[in-house]
Amino acid sequence: MTARVLVVDDILSNVKLLEAKLTTEYFEVVTAFNGEEALQRIAAETPDIVLLDVMMPGMDGFEVCRRIKSDPKTAHVPVVMVTALDQPADRVAGLDAGADDFLTKPIDDTALFARVRSLVRLKTMTDELLMREATGQSMGLVEGAGAQVEVDPAGRILVVEDRPETVAWFQAALEPKNEVAAAGTFDEALVRARGGDFDLIVVSLGMKAFDGLRLCSHLRSLPEVRNTPILAVISEGDSRKLIQALDMGVNDYLMRPVDQNELMARVRTQLRKKRYADKLRHNMQLSLEMAITDQLTGLHNRRYMSRHLDTLLKSSVANGKPVSFLIMDIDYFKAVNDTYGHDAGDEVLREFAGRISANVRGMDLACRFGGEEFVVVMPDTDIAYAYTVAERLRHSVETTPFPISRAPHQINVTISIGMASTAKAGETADELLHRADQALYRAKREGRNRVIAEAA
């Protein structure tokens, strides 16, 4: 995997050394020699990751990192602080500033490259979610997720460790702010992870009872856990396990002996990232739903119905079962708007959508076709059964007044329904819709408040 890496350091030799190493690994490298230049480069070059020195004149690395992470446009860009500082307090300060990792010189090149690739891989996933969110925003469907503004989130954390005293230490460190559960065997960890809706899984890679790396691999293959961050706990100097863990999708790691403050800082970082990614996924799902849903009634819209009907007709040819189609119209709906106002008309449309949903099956597709017209697509349904459903719906509308929020607070409504059923193999959606539409016109001509089935 290649990536654009921004290297920031005020010492030319440090920059050139990292540039040479990264270029050898086929990374594209851009450079900056102070904080202000780094921020300008980020705005102009859109790097995939930033390798940032801490001790620089003027604006230090901590401040640069804070500014990167506070800007919604760059908050998701991974920042790795590469510095000679080696105290736990320094690492915590970097993580609290928003850094994704804090690497101390001299750095093992293989571990550095693995970490860069891991963070770039995670950023690529976020980029995809951001792109889809941008599409939703451009269509006016969702608001942006914004920057990762939740400073100190709490979450549900699963600790996987087979030594009770170590589990107790983690629980004491993470509770009561977080809800902590523990698992001491391979199978228990999988069961808990699948059903626990956890925000973070902490896995010890030094367990004797089973292989923690194998567990991490299994967790990454489970749909229920695929987006849950994993924090691995590794013995200091075990670069082989670290590289394997990062390559299989572990999000972050801690070296033993674990510093409590660093643990809390890395947990906060992963929980913040998960909250942000969850919101992006929620916005993506919302965009998809809104793109195929009528916003007034909550039913599917015409665009979705057209695609779905084409699919059902193809299936009908394959299985030899008919598809029935109902198109219905609220009688004299213009008079409702003119007499009671458009807000009352909207209330009638919402209530009618609810009546439709209450009278059709879960397998049937109810949609708002446009204006006061609605349709129901009924797979595996012949014309006789479809007529029974249509008549039940018509009767429900006729006999039960529709509530509205202004006087007289309820009004009587009737509907006309036209219907058709597939009559021959290869019939198109347009042909079926046309026959049902002709039946609807006939129902209106014959006095409204009736169901008419059009012959093929």
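**Entry 1: the parallel sheet.** I began with strand S8 (residues 200–204) and strand S9 (residues 230–235), which run parallel and are joined by four bridges; strands and helices here are DSSP runs, E of at least two residues for strands and H or I of at least four for helices, numbered from the N terminus. The model is a predicted one, in which local features need pLDDT of at least 70 and side-chain atom pairs count only at pLDDT 80 or more, while totals for chains, interfaces and linings use all residues. I note also that residues are numbered from 1 along each chain as its sequence is written, and that side-chain values use heavy atoms, with hydrogens and water left out.

Within this pair I found Val233 of S9 as the bridge partner of Ser204.

Entry 2: Axes are lines fitted to C-alpha atoms, for helices over the stretch in contact, with angles from 0 to 180 degrees between N-to-C directions; contact means heavy atoms within 4.5 Å.

**Entry 3: nonpolar cores.** A core is a set of buried Ala, Val, Leu, Ile, Met, Phe, Trp, Tyr and Cys residues joined through side-chain atoms within 4.5 Å, and buried means under 20% relative accessible area, exposed over 50% and partly exposed in between (1.4 Å probe, protein chains only). The largest core has 49 residues, and Leu51, Val160, Val203, Leu215 and Leu219 have the most contacts inside it. Its largest share, seven residues, comes from helix H5 (residues 109–138). Setting aside neighbours within four places in sequence, I listed Val160, Phe186, Ala189, Leu190, Val203 and Phe210 as contacts of Leu215. A second, separate core of 30 residues includes Leu299, Ala344, Ile411 and Val413.

**Entry 4: strand S11.** Is S11 buried or exposed? Seven of the seven residues of S11 (residues 324–330) are buried, so the strand is largely enclosed by the rest of the structure. Ser324, Leu326, Met328 and Ile330 cover one side and Phe325, Ile327 and Asp329 the other, all of them buried. S11 pairs in the antiparallel sense with strand S13 (residues 373–378) over six bridges, Ser324 having Met378 as its bridge partner. S11 also pairs in the antiparallel sense with strand S16 (residues 415–421), over seven bridges, and there Ile330 stands opposite Ile415.

**Entry 5: backbone exceptions.** Most residues other than glycine have a negative phi, and most peptide bonds are trans. I recorded a cis peptide bond between Arg256 and Pro257, with omega about 0°, Pro257 being in the loop between S10 and H10. The bond from Ala407 to Pro408 is also cis, with omega near 10°. Thr46, not a glycine, has a positive phi of about 45° and, at 56% relative accessibility, counts as exposed.

Technical notes
Two strands pair if DSSP finds at least two bridges between them.
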